[in-house]
Amino acid sequence: MIGPDRQLADGLRRRDADAITRLHAECGRVVLGFLIRTLRDRATAEDVFQQVFLEAWERGPTYDPQRGSPLTWVMTIARSRAIDQLRRRVPEPRDPAGSLALLEGEADPEGGVDALAEQWRMAYFLGRLPDEQADLLRRRFYGGRSQSEIAAETGIPLGTVKMRMVQALARLRELMDEEEGPS
């Protein structure tokens with residue numbers, strides 16, 4: 001039996017329009033959200049979004065599902081196009097303190113894009129978890145709350161909070177491993 005990623009790769013290799021339609025349906029929202037957040041301008045993000053999927057169509061025959069999931073592949077393209085777009089921009093006035101940090105090597109403009117891409121990737125995975133598990137992980141890791149605080153806020157017994165978090169983290173690991181594919 002051929003897996004869905006292999007079917008998509010075969011479709012892209014054959015230049016099957018249904019394959020790019022499927023890629024767009026599965027990954028489009030995550031890619032556009034990432035671009036809007038990174039580029040901070042919806043119109044520019046939409047232009048880059050079109051470039052990303054045009055490039056995915058053109059590079060489709062080279063997509064290898066053994067090297068990563070469709071989301072990883074298309075987000076790599078999106079990251080590159082976003083960086084290209086940011087480099088083309090006319091420099092905006094900067095806060096001198098921020099400029100000093102760049103000169104001292106403390107700030108990395110591309111690192112910011114990488115961090116943002118990783119946040120969108122994690123948001124995608126959290127969206128695939130059951131709501132109660134995703135909510136607990138968001139409270140813990142984005143809200144900075146302890147398990148005891150989460151139990152108090154939600155009214156869920158502490159032992160149940162701990163158990164659900166362990167289950168959620170295990171499922172999150174499975175989803176990440178599935179995306180990365182065989183090593």
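**The whole chain.** Begin with the entire protein selected, and bear in mind that the model is predicted. The protein has 183 residues, and 34% of them count as buried. Its accessible surface is about 11100 Å², and carbon and sulfur atoms account for 52% of that area.

**The elements.** Next, switch to a cartoon display. Nine helices and zero strands are present. Followed from the N terminus, the order of elements reads α-α-α-α-α-α-α-α-α. Consider also how the chain meets itself: among contacts between residues at least 6 apart in sequence, 64% join residues at least 24 apart.

**Helices α2 and α4.** Now select residues 17-39, which form helix α2, and residues 70-88, which form helix α4. How are these two helices arranged? Their axes come within 10 Å and cross at roughly 30 degrees. Angles under 35 degrees count as roughly parallel, and α2 and α4 are therefore roughly parallel to each other. The crossing in which α2 passes α4 is right-handed.

**The contact between them.** Finally, show the side chains where the two helices meet. On α2, select Leu23, Cys27, Val30, Val31, Phe34, Leu35, Thr38 and Leu39.

Note on methods:
Residues numbered from 1 in each chain as written. Predicted model: local features only at pLDDT ≥ 70, side-chain atom pairs only at ≥ 80, totals over all residues. Heavy atoms only, no water. Axes fitted to C-alpha atoms, helices over the stretch in contact; angles between N-to-C directions. Helix = DSSP H or I, 4+ residues; strand = E, 2+ residues; numbered from the N terminus. Parallel < 35°, antiparallel > 145°, perpendicular 65-115°, else oblique. Left-handed = near helix turned anticlockwise from the far one by under 90°. Contact = heavy atoms within 4.5 Å. Buried < 20%, exposed > 50% of the residue type's maximum accessible area, 1.4 Å probe, protein only. Areas by Shrake-Rupley, 256 points an atom, 1.4 Å probe, with all protein chains shown as cover.
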